[in-house]
Amino acid sequence: VVMIPAVLAGEDQSAAAEALEHRIRLVVEHPEAAPAPAAAAPAGPAGAAPAVAPAARPDDRAGETLLVPVSRLDELVRLVGESASANLRLGRLLSERLAVNPGTLAEFRDLSRTLNDLQERTMRARMVPVATITEPLRRAVRDLARSLGKQVRWEDRGTDTELDRSVLQQLADPLLHLVRNAVDHGLESPAERAAAGKPPVASLVLQAMQLGSEVILDVTDDGRGIDVQVVRDRAAAMGTDTSTMDDAAAIMLVFTSGFSTASVISDVSGRGVGLDAVRVGVEAVRGRVEVHSTPGQGTRFRFVVPITLAVLSCLLVEVGRERYAIPMHSVVVAQAADALARAHVDGRPMVWVGDAALPVSGLGRTLWGPSRPDGGEVVVVVSSTRRHAFLVDRLLGQRDVVVKGVSRLVPRLDLLAGASVEPDGSILLVLDAAGLVEQARTDRTPTIDVAPAAAPATSPAVAGTPVSSAVSVLVVDDAAIIRHLERSILERAGYLVRTANDGVEALARLAEERCDLVITDLEMPRMDGFALTKAIRADTRFSNTPVLIITSRASDESRERGLEAGADSYIVKAAFDETALLGAVSRLVGRST
């Protein structure tokens, strides 16, 4: 009522319009936090001061929140971590000096359970939703699209997903680089889209979700996609040999420092920055970035980052007499080296993982030099853009590690993500995947002697369980991000994977071709997971096919209902990780054979 006459009078109301839009979005997305509507004040004469709204009444919930400096939360996290370490030392002391199994003492079990609960709740206090950084992204998309004459529809989904505040803050700039690059470089003008048979309004979507101890952030557009041949040509001009790279490896060159495919230099593109900054930003939070693109259809960039950097789920390995921790979100495969076929490429030793040959190095030699011997276990580590295999002496298992920063008195080491204090008082070094891969990649000296071998007839899975490439898995989920993620994990482990959007499509796929295992979500259109499971059990053609349910429903009621419908296993998405999925699949496939 106030703004329309002002606009007609020629006044600039863009700032007021933006503020009003923000308030409307706040009311729509968070109605419980919206203030009560106030009576509209009549518009005064031009130039008059606006009427002062009456003071808002105190909110009954105001006493439920308290502003606390982040430094205090960080100190609290540190003290909780110290308490957890002290509890581990106490257990070790009881075992070694008093010959008492601490697990048999009710008081010790209660203390451990309380400390675990305290640690979890303290970490939750640092969490903030992804929605806190989406408004600047939306504005950047709108403003840049307007300046370039493009029409772009911005959408964000799953932004109630929470991340550690420090992790999310460090991702804000990489995400901003990414959406600006997508608008300027990836999305076409309305005329170009019309010529390509596309709707004039382009789509740019940010989707967030939690899977186990990781958060996945997808930025997807329906633009022109990335021309891999152009990437190869630009890389060749920069002196990079791409002749031995497949398209998946070549497309990752867009993250190389100084790389750009833009033909015109502008404030946004063509300066060789942007995607390199994205890679660096993601690596700073111990994450990785993936890119998938189809020419003419669009591109999807994916960030996979840990929920927090304070407590990381790690794989513990031993090299010589020293132990190291590798964050689990960076581990692709961990198993005996003898189970992997080996080869040489250009004089460099390689191991076969799935259908790809990966370079392999001794972890001890990478860390300390050629004086360290190589071990008999292999760990495949993924950085933001590359994978590399490392030989270690022993795999010691997986556990949560309270990670602390290294003192500033110690020079910064790219190989080191942090450190932790062990129950015996020793220091456990937490290794950085990106630093490891880069160090091994620049060391061109062969570190192990392997005999050439053909590609393996079986492909390894995490935890060292080889599976036949003939095993077929059907993944059923209406969320494309989930289907793609599960498919990627399973295909890397050597399974043949098909997908379906819902239960109806899944039954049709089952009728077309045999399947050794069905993995399904519960909440889907047309036919949900409960109905699909019952239908599978009722059909004699595939009634013996194992069914694994993976869902966000964590209630006992949903679990019991799924098992009553005939499911063989049930995984909650909040507890989902690659190891859990492949372990469950291996058990169920073994049961069915």
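**Entry 1: the model.** I am working with a predicted model.

**Entry 2: helices H14 and H15.** I located helix H14 at residues 503-512 and helix H15 at residues 529-538. I looked up how the two pack: the angle is about 25°, and the axes lie 9 Å apart. For the handedness of the crossing of H14 and H15, I noted right-handed.

**Entry 3: residues between the helices.** I then asked which residues of H14 meet H15. On the H14 side I listed Gly503, Ala506, Leu507 and Leu510. Their counterparts in H15 are Leu532, Ala535 and Ile536. By class, the residues of this contact comprise six nonpolar and one polar, with no charged residue.

**Entry 4: the sheet.** I turned to an open sheet of five strands, whose order I read as S22-S21-S23-S24-S25, with parallel pairing. Which strands stand at the edges? I found strand S22 (496-500) and strand S25 (569-572) there. Each has a single partner strand, so one side of each is left without a neighbour in the sheet. From one strand to the next, I recorded an average twist of 20°.

**Entry 5: strands S24 and S25.** I followed the pairing of S25 with strand S24, which covers residues 547-551. The two strands run in the parallel sense and share four bridges. Looking across to S25, I noted that isoleucine 549 stands opposite tyrosine 570.

Terms used: Residues are numbered from 1 along each chain as its sequence is written. This is a predicted model: local features need pLDDT of at least 70, side-chain atom pairs count only at pLDDT 80 or more; totals for chains, interfaces and linings use all residues. Side-chain values use heavy atoms; hydrogens and water are left out. Axes are lines fitted to C-alpha atoms, for helices over the stretch in contact, and angles run from 0 to 180 degrees between N-to-C directions. A crossing is left-handed if the near helix is turned anticlockwise from the far one by less than a right angle, and right-handed if clockwise. Contact means heavy atoms within 4.5 Å. Ala, Val, Leu, Ile, Met, Phe, Trp, Tyr, Cys and Pro count as nonpolar, Asp, Glu, Lys and Arg as charged, and the others, Gly among them, as polar. Two strands pair if DSSP finds at least two bridges between them.
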